[in-house]
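Welcome! Take a look at the chain below, and then let's work through some exercises together.

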Amino acid sequence: MVKNLFISVISQKEANRGSVEFQVFSFTNKIRRLTSHLELHRKDYLSQRGLRKTLGKRQRLLSYLAKKNRVPIHGRINQGKPMNVPATREDLMIVNMGPHHPSMHGVLRLIITLDGEDVIDCEPILGYLHRGMEKIAENRTIIQYLPYVTRWDYLATMFTEAITVNAPEQLGNIQVPKRASYIRVIMLELSRIASHLLWLGPFMADIGAQTPFFYIFRERELVYDLFEAATGMRMMHNYFRIGGVAADLPYGWIDKCLDFCDYFLTGVSEYQKLITRNPIFLERVEGVGIIGVEEAINWGLSGPMLRASGIQWDLRKVDRYECYDEFDWEVQWQKEGDSLSRYLVRIGEMMESIKIIQQALEGIPGGPYENLEIRCFDRVRNPN
């Protein structure tokens with residue numbers, strides 16, 4: 001008889017395992033364990049993040065229970081009494097949604113908790129863009145591998161090409177011609193502008209402003225026109241090579257790039273007038289999504305995300321790769337760490353990129369027309 005009673009208790013516990021009340025009870029126990037752990041290990045940021053996530057899930061489930069007018073269970077949980085689960089309620093259903101690309105910014109996976117047709121919890125999981133590039137590189141030379149690396153970050157392809165060729169150049173102590181280094185800097189900063197523009201447009205669309213989303217493609221298309229003229233491709237360029245670049249700049253390219261710089265400065269001013277002081281924009285981004293200094297370092301953030309949290313760390317200044325130390329520019333950073341700071345850092349970086357490009361175009365060794373095409377023209381004009 002005792003055996004049958006034990007089996008019935010176990011069966012009832014298993015039957016209640018998927019209920020909302022059981023989930024709340026489990027989260028409460030997990031919160032207690034994490035809290036006790038963090039009292040001894042205060043610098044365990046991973047546990048702190050887990051605690052915040054668990055608290056949020058538990059709060060959403062409790063809000064859902066209150067919405068459904070169920071019996072409050074705070075007292076039963078705190079007193080440790082057995083829970084009386086209504087037999088008429090069905091278990092929760094956990095649905096895996098993705099990973100896929102549903103017109104969002106990158107591949108996204110959602111773990112959704114359903115109670116009937118009601119979504120009571122949703123946990124987003126990022127990082128599904130890895131495609132085994134390291135394994136592909138095992139049986140490729142650097143030249144064969146360069147077309148692959150441009151797909152790592154198709155919004156900033158020049159940067160992935162740069163790190164791929166910089167490594168063997170440093171290992172082999174290969175000297176890059178000054179003109180090629182200047183061309184690399186120009187291409188990198190144009191790529192930075194294109195990447196930041198495509199961040200700005202969807203960011204504004206996400207907070208309810210559709211107009212900038214269309215504006216950014218206007219300037220971005222001009223950048224891609226320059227890329228196409230120099231490399232032959234608008235996105236997957238395959239332009240960098242060990243020791244330099246694939247080809248010199250075509251005739252008239254530098255003049256067109258200077259015209260773009262003058263035009264883009266007016267475009268950025270237009271963005272700032274439209275966005276920066278907009279009260280609705282400020283209400284939705286100021287003080288939202290704050291990332292502190294310790295969190296930014298612990299999470300391994302880099303680029304504008306890191307600099308918007310108060311850390312003046314820019315590899316162009318620290319590592320001094322290419323010839324960035326020959327130009328006059330400043331590291332853009334903010335100390336608040338919120339969404340507004342990340343916006344301001346990217347706007348400032350686009351302005352600084354234009355400064356770098358203008359200086360590189362004006363001071364490029366050999367002048368604007370040192371290429372095979374113009375040399376051919378000179379030979380025709382001066383046959384002797």
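Two strands pair if DSSP finds at least two bridges between them. Helices (H or I, at least four residues) and strands (E, at least two) are DSSP runs, numbered from the N terminus. Before starting, note that this is a predicted model, where local features need pLDDT of at least 70, side-chain atom pairs count only at pLDDT 80 or more, and totals for chains, interfaces and linings use all residues. Residues are numbered from 1 along each chain as its sequence is written, and side-chain values use heavy atoms, with hydrogens and water left out.

**Exercise 1. Work out in which order the strands of the open sheet lie, and which strands stand at its edges.**

Step 1. The open sheet has 3 strands, in the order β1-β2-β3, with antiparallel pairing.

Step 2. β1 (93-100) and β3 (118-125) each have a single partner strand, so they stand at the edges and one side of each lacks a neighbour in the sheet.

**Exercise 2. Find the salt bridges of Arg-218, and say which parts the one with Glu-270 ties together.**

Step 1. A salt bridge is a side-chain nitrogen of Lys or Arg within 4 Å of a carboxyl oxygen of Asp or Glu. The structure holds 16 of these salt bridges.

Step 2. Arg-218 meets Glu-219 at 2.9 Å, N to O. Arg-218 also forms a salt bridge with Glu-270, where the closest N and O atoms are 3.1 Å apart.

Step 3. Glu-270 sits in helix α10 (residues 253-276) and Arg-218 in helix α9 (residues 211-231), so this pair links parts 52 residues apart in sequence.

Step 4. Check the accessibility (buried means under 20% relative accessible area, exposed over 50%, partly exposed in between, with a 1.4 Å probe and protein chains only). Glu-219 is buried at 0%, while Arg-218 is partly exposed at 32%. Glu-270 is partly exposed, at 32%.

**Exercise 3. Determine which parts the salt bridge between Glu-221 and Arg-234 ties together.**

Step 1. The closest N and O atoms of Glu-221 and Arg-234 are 2.6 Å apart.

Step 2. Glu-221 belongs to helix α9 and Arg-234 to the loop between α9 and β4 (240-241), so the pair ties together parts that are 13 residues apart in sequence.

Step 3. Both partners are partly exposed: Glu-221 has a relative accessible area of 36%, and Arg-234 has 25%.

Step 4. Elsewhere, salt bridges with shared partners join Glu-189, Arg-192, Arg-307, Asp-314, Arg-316 and Glu-349 into one network.
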